[in-house]
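Subject: Structure for your review

Dear colleague,

Please find the structure below, followed by an account of what was found in it. I would be grateful if you could read the two together.

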Amino acid sequence: MDVGSIDHVNLRIPDDGVDDALDFYRDALGFGVEGLERYRAGDQPFFDVRLAPAHVIHLWPTDEFEPPSGRGFNHVALVVESDIGAVKERLSAADVPVESELDSPLGATGRASAVYVRDPFDYRIELKEPTD
């Protein structure tokens, strides 16, 4: 089996978490949001955070939401097209606290500087600069 890329990741959020999701993913991090009208109209049970042309996070509001447990390595890692200094400036301007920072964590694309933040639902998000 040959996989070309990850198409999407699906994350459950609380039923009443749509506004918090928009504040974080759209307003603070600057990602596009798609399918919100279809979700609100009841035509689909989720909406999308557009990470890149071929990659989305489905956010699935549900009363069955259970927050992530533990503080280990459970996270979504995103390669951002800017240096870590610019990422930290954007986060600071949006009042998003940096939980931790690593000089060169290993990922699928290699090692590069990264910062870690928490979304409103306690999912850990790694924002990693491109590798050399």
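Glu101 has Val115 as its bridge partner in S9. That contact belongs to the pairing of strand S6 (residues 100–102) with S9, which run antiparallel and are joined by 3 bridges. Here helices (H or I, at least four residues) and strands (E, at least two) are DSSP runs, numbered from the N terminus, and two strands pair if DSSP finds at least two bridges between them.

Before going further, please note that this is a predicted model, in which local features need pLDDT of at least 70 and side-chain atom pairs count only at pLDDT 80 or more, while totals for chains, interfaces and linings use all residues. Residues are numbered from 1 along each chain as its sequence is written, and side-chain values use heavy atoms, with hydrogens and water left out.

Strands S9 and S10

Strand S9 (residues 114–118) is also joined to S10, by 5 bridges, and the two run antiparallel. Within S10, Lys128 is the bridge partner of Ala114, and Glu126 is that of Tyr116. The hairpin of S9 and S10 has 5 residues between the strands, and Asp122 in this hairpin takes a positive phi near 80°.

S9 is largely enclosed by the rest of the structure, because 5 of its 5 residues are buried (under 20% relative accessible area, with exposed meaning over 50% and partly exposed in between; 1.4 Å probe, protein chains only). Ala114, Tyr116 and Arg118 are buried on one side of S9, and Val115 and Val117 on the other. The 5 residues of S10 are likewise all buried, so S10 is largely enclosed by the rest of the structure.

Ile125 in S10 is the bridge partner of Val76.

The two pockets

A pocket is taken on a 1 Å grid over the protein atoms alone as an open set of points with protein on both sides within 12 Å along at least five of seven lines, where a 1.4 Å probe fits; a cavity is a set from which that probe cannot get out, and lining residues have an atom within 4 Å of a point. Grid points are joined across faces, edges and corners, and a volume is the space filled by probe spheres set on the points.

The largest pocket has a volume of about 560 Å³. It is lined by 25 residues, and Ile6, Leu51, Ala77, Leu78 and Val79 lie nearest its centre. S5 gives the largest share of this lining, 4 residues. By class, the lining has 16 nonpolar, 6 polar and 3 charged residues (Ala, Val, Leu, Ile, Met, Phe, Trp, Tyr, Cys and Pro count as nonpolar, Asp, Glu, Lys and Arg as charged, and the others, Gly among them, as polar).

The second largest pocket has a volume of about 160 Å³. Its lining residues include Gly30, Phe31, Arg90 and Leu127, and helix H3 (residues 84–93) supplies the largest share, 4 residues.

With kind regards
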